[in-house]
Structure formats: C-alpha cells, structure tokens
Amino acid sequence: MRIDIPATTPARTIAAVTSMLWEDLVNNPKKGGGGDDVNRKKIQCAEKMIRGAFVELYRGLGLLKTYSSLNMIAFTKILKKFDKVSNQQASASYLKVVKRSDFISSNKVVKLMDEVETLFTQHFANNERKKAMKFLRPTHHKESHMVTFFVGISTGSFVTLFILYAILAHLSRMFSPATKQSYMETIYPVFSIFALLSLHLFMYGCNLFMWKSTRINYNFIFEFQPSNALKYRDAFLICTSLMTAVFGAMVIHLILLSKGIFSRQVDFIPGILLLCSVLILICPLNIFYRPTRYCFLRVIRNIVCSPFYKVLMVDFFMADQLTSQIPLLRHMESIACYFISGSFKTHRYQTCKSGKLYGELAYVISFAPYFWRAMQCARRWFDEGNPDHVANLGKYVSAMVAAGARLTYTRQPSQLWMVIVIVTSLVATVYQLYWDFVKDWGLFDRKSKNLFLRDDLVLKNKGIYYISIALNFVLRLVWVETVIGLNIGMLETSMLEFFLASLEVIRRGHWNYYRLENEHLNNVGKFRAVKTVPLPFREMDSD
C-alpha cells in the first residue's frame with residue numbers, strides 16, 4: 001500500500017505529473033516496485049483526508065440513526081391515527097413487530113458511532129473528547145435578531161443618504177454640461193463597482209432566502225460549514241452597509257467639491273473607499289465575517305489557477321458569477337489606470353482610454369472570466385472523463401469570441417464588424433440558452449409529465465418556471481443594444497451601461513436559484529446526503 005494524494009492543488013498536480021512522467025519515462029518500474037517514498041508533507045495531507053473521512057462517516061451514521069428514529073415516530077403516529085379512526089386497539093400488536101425488527105432494535109449504528117468517537121479522540125484530538133466533539137458534532141449558532149435590526153438601520157441610512165445625494169447634486173448642478181464630464185469620469189466607475197457588487201450580494205441574499213424557504217440544502221452542495229456559512233440576513237447586511245458607506249463617501253465628496261474645500265485632495269476619496277474595502281477583505285482579524293471573506297479569497301484563487309486546482313461546485317458557481325460581472329472588472333481597470341497614471345491630479349481622462357495597453361487589457365479582462373470557466377471545464381473533463389464538460393467548454397469559447405467581436409465593434413464600427421457581432425452573438429446566445437434550460441436547470445425533458453419542464457419541481461406553481469424561462473430568454477438578448485448603438489449623451493450612455501449591467505446581474509441571481517434547485521434534486525434522486533471523501537491510499541498489486 002502507498003500514499004496517494006489527489007491532485008487538488010497546483011503543487012500536488014505538478015508533483016503528480018512529474019512523478020508519473022518520471023516513473024513512465026525514466027524508472028519504468030515493475031509492478032509492486034517503487035513508489036514507496038513517504039515524506040512528512042504527504043503524511044500530513046493523508047492525515048487531513050482521513051480526518052475528513054471520519055467526520056463524514058460520523059455524520060452519515062448520525063443521519064442513519066435519525067432516519068430510523070423518525071420512521072419509528074411516524075409509524076407510531078400513523079397507528080394512533082388508525083386506532084382513532086377505526087375505534088380499534090391494533091397499534092400495540094403492530095408496534096411489537098416493528099420494535100423487534102433490526103431496523104429499530106439493532107444497536108450497530110450506535111456502536112459504530114461510539115467506535116468512531118473513540119478512534120477520532122485517540123488519533124486526532126490527543127485524547128480530548130471535548131475537542132473531538134467540536135469536529136464530529138459542530139454546534140450551530142442561533143440566528144440573532146440584532147442582524148435584522150442592523151439591516152433595517154443600514155437600509156434606512158442608505159435610502160436617506162441617496163435622497164440627500166440626489167438633492168445636493170441637483171442644487172450644485174453637478175450634472176450640468178460644464179461639469180458632468182469631469183464629475184462622471186471620477187465618480188461613475190467607483191459607484192458602478194460598489195453598486196453592481198451590492199446588487200449581486202442582494203441577489204445572493206434573495207437566493208439564500210429562497211433556498212432556505214424551499215429546503216434546498218445549499219450548505220451541503222457548496223460544502224460550507226453550517227456554523228459559519230453566510231445567512232441571507234448577513235448578505236443583506238453586507239450589501240446595505242456597503243451602499244451606506246458608498247453614498248456617505250459620495251455625499252462628502254460632493255460637498256467638498258462644490259465648496260472648493262481641499263480641491264486637490266478631494267478626488268482621493270473614491271480611492272480611499274476602494275482601499276478600505278480591500279483592507280477589510282484581507283483583514284486577518286476575526287471580524288467582519290472572516291470565514292466568509294477567506295473562503296471568497298480561496299475560491300478566487302482556485303478560479304484564477306483553474307487548471308491546477310480540483311474544481312468544486314462552489315468554484316465553478318463563483319466563476320459563473322464572474323462572467324456576469326465583466327462591466328465591474330472593466331471599471332476596476334479604469335479606476336486602477338485613473339490612480340496609477342495620476343489622472344486624478346491632472347484630470348486628463350483620455351490618458352487611459354487612448355493608451356494602447358489600456359485597450360489591450362480591455363480584451364484580456366473581457367476574456368478572463370470565460371477563459372477561467374473554460375479551464376475549469378477542461379479540468380473537470382480531465383478528472384471525470386465526461387464529454388459534457390468539453391461541450392460546456394465550447395459554450396465559453398463561443399462567449400469569448402462574441403465578447404471580443406462586440407468590443408471591437410464599439411471601437412471600429414463598420415458593416416463587416418456588425419455582421420460578425422450579430423453572427424457570433426447569436427451562436428453564443430443559442431448555445432447559452434440551451435445549456436441554461438437543458439443542462440443547468442434540467443428543463444425541456446421530453447418524457448416529463450410537466451410540459452417543457454421536468455418531473456420533479458420544488459416550486460408548486462408551474463407558471464413560475466415558464467415565466468423564468470421567458471425572463472432568462474429576454475435578458476440573454478441585452479447584447480442587441482450594442483448593435484443598435486443609440487446616439488445619446490455621456491450621462492445617458494453611462495446610465496444605460498449601468499442599467500444593462502444590472503440586468504445581467506439580476507439574470508444571474510435568477511439563474512442561481514434554478515441551478516441549485518436542479519443540483520439539489522439530482523442529489524436527492526441519487527441519495528447523496530454526505531460527501532464522498534477519497535482515502536489517501538492505493539492498493540499495490542503484488543507479483
């Protein structure tokens with residue numbers, strides 16, 4: 001037997017490939033020979049995997065025990081109801097038979113749970129039972145109404161500051177033709193970043209609420225720890241607090257700008273707001289939802305290094321979210337160039353937009369989310385051998401081609417590029433719609449008893465599914481605005497871009513619910529209630 005660590009990280013992937021090439025090309029070992037090298041790092045990884053396997057085994061045994069007791073309680077209540085309706089006393093004889101069955105009387109599950117507790121305490125908790133139980137039976141934190149209270153406070157503050165900002169902007173004539181270009185170039189990208197991010201968080205909060213209401217086990221699907229996973233109230237608190245801070249900074253910036261106070265330093269405010277947000281995101285202190293922040297950073301790392309990390313559900317789910325946030329990434333590029341090039345001092349806003357590097361980076365940023373998602377599909381195909389992942393990869397390649405064509409058309413408008421945009425965008429849209437409805441949502445099953453849907457539906461009202469299909473179809477066609485090319489002013493163009501970007505975020509939030517609903521139904525249909533944890537050992541054949 002040898003230690004065999006799965007290639008789930010870049011280091012493990014490179015090590016596995018190197019070891020495979022070395023064995024095949026250089027050593028060419030015989031059966032049963034070689035491969036016995038065991039180092040400390042491998043032992044630590046193996047220990048972590050075995051510990052996770054013990055935890056999942058204990059959880060599965062607990063579910064089996066609960067299943068047995070729940071069925072006994074249900075059977076008892078059914079018999080009591082029968083006695084009451086039929087005016088008979090037949091329950092006692094039936095219960096005797098049920099209680100004698102192995103399903104109820106056997107104590108094998110309890111013994112196995114005790115054995116797991118003993119082994120785990122001995123080998124993974126230094127004989128400290130209390131420490132072992134923290135792993136085996138993690139406690140669930142009760143939801144506090146304080147979060148709801150602060151959501152209300154933040155929402156009220158955000159609405160108040162928004163109204164105040166609108167009044168001050170009108171009184172100071174900040175959007176007049178003489179000043180609106182300078183002001184919009186400074187404020188619009190920063191505002192769009194935070195507004196789109198907050199909208200996405202709000203949609204995610206709505207997803208969490210709906211998943212919880214319809215009993216979709218999203219924590220199991222995403223492999224989150226229930227004790228520190230984000231709740232829907234927390235998501236609402238984060239997005240409302242973020243928008244409160246944004247509009248507070250915008251009100252301060254507007255007042256200082258209109259009064260001419262600190263005229264040279266006032267444009268630092270958007271940069272300070274972004275810097276504070278980044279510092280909070282990477283803050284090592286256990287404040288401001290540190291488990292969620294660090295989980296987010298780990299997932300982003302996994303996405304960027306997609307071919308080298310094993311792809312989990314949460315990884316490709318987050319990568320799909322990034323494909324809907326390309327305008328946000330483009331605004332981040334604008335803000336970075338704005339501050340790095342010193343345009344906030346000189347107010348020469350064309351410095352970035354006319355630069356060759358800026359234009360080339362626009363293509364890179366527009367392609368990056370689709371490229372990362374395509375690499376995830378390639379890695380999943382490599383790991384699982386499922387040809388559907390290759391077909392899914394083709395979907396993201398077609399989206400990359402369409403995005404590049406639209407970006408080129410906005411810079412070089414011509415009849416040729418318009419035709420290219422229409423053709424590539426139509427192909428990508430049809431591809432995406434098919435995958436949305438058939439693969440991701442599991443709809444349009446020909447054999448289904450529900451027309452154009454599937455047999456199993458979580459929502460009772462079938463009309464909601466038909467409305468969702470129509471809504472997703474319409475929102476997938478927002479690229480048509482690129483071809484139309486409305487001739488409007490700068491302010492109106494910026495507002496239109498923000499509106500279209502918001503529609504895509506709303507479409508993605510709407511898509512999220514049905515994607516997880518389909519995943520949940522697949523888990524239920526295949527009786528998946530615990531994770532399958534691979535063991536770090538591989539049997540070696542003997543001669």
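Contact here means heavy atoms within 4.5 Å. Keep that in mind for the views below, which all come from a predicted model.

View 1. Of the 543 residues in the protein chain, 39% count as buried. Take the contacts with a separation of 6 or more: residues 24 or more positions apart account for 73% of them.

**View 2. Helix α5, with a buried side and an exposed one.** This helix runs over residues 108-124, so to speak a stretch of 17 residues. From its first C-alpha to its last, α5 reaches 23 Å, close to the 24 Å expected at 1.5 Å a residue. Which residues of α5 are buried? They are Met113, Val116, Glu117, Phe120, Thr121 and Phe124. These residues cover an arc of only 125° around the axis, which puts them on the same side of α5. Over on the other side of α5, you'll find Lys108, Lys111 and His123 exposed.

**View 3. What the buried residues of α5 pack against, and what follows the helix.** The packing partners are α2 (40-86) and α6 (129-136). After α5 comes Asn126, with a positive phi near 55°.

**View 4. Helices α17 and α18, packed at an angle of about 175°.** Two packed helices are described by the angle between their axes and the distance between the axes. Here α17 covers residues 356-384 and α18 covers residues 387-411, and their axes are 8 Å apart. An angle over 145° counts as roughly antiparallel, and α17 and α18 are therefore roughly antiparallel to each other. Sorted by class, the contact of α17 with α18 has 17 nonpolar residues, along with six polar and four charged ones.

**View 5. Helix α14, residues 326-340.** Count 15 residues here, with a reach of 21 Å from the first C-alpha to the last. That is close to the 21 Å expected at 1.5 Å a residue. The buried residues of α14 are Ile326, Leu328, His331, Glu333, Ser334, Ile335 and Tyr338.

**View 6. Asn87 and Glu223, two loop residues with positive phi.** Asn87 isn't a glycine, yet its phi is positive at about 55°. Look for Asn87 in the loop between α2 and α3 (91-100). Is Asn87 buried or exposed? Its relative accessibility is 70%, and the cut-off for exposed is over 50%, so Asn87 counts as exposed. Glu223 isn't a glycine either, and has a positive phi of about 60°. Its loop joins α9 (218-222) and α10 (232-259). Glu223 comes in at 39% relative accessibility, so this residue counts as partly exposed.

**View 7. Gly442, a buried residue in a loop.** The loop in question lies between α19 (415-440) and α20 (462-475). Buried means under 20% relative accessible area, and Gly442, at 19% relative accessibility, therefore counts as buried. Which residues is Gly442 in contact with, leaving aside its neighbours within four places in sequence? The list is Phe437, Arg454 and Asn518. Arg454 is twelve residues from Gly442 along the chain, and the C-alpha atoms of these two are separated by 6.8 Å.

Terms used
Residues numbered from 1 in each chain as written. Predicted model: local features only at pLDDT ≥ 70, side-chain atom pairs only at ≥ 80, totals over all residues. Heavy atoms only, no water. Axes fitted to C-alpha atoms, helices over the stretch in contact; angles between N-to-C directions. Helix = DSSP H or I, 4+ residues; strand = E, 2+ residues; numbered from the N terminus. Parallel < 35°, antiparallel > 145°, perpendicular 65-115°, else oblique. Nonpolar A, V, L, I, M, F, W, Y, C, P; charged D, E, K, R; others polar. Expected span 1.5 Å × (residues − 1). Buried < 20%, exposed > 50% of the residue type's maximum accessible area, 1.4 Å probe, protein only. Arc of directions from axis to C-beta.
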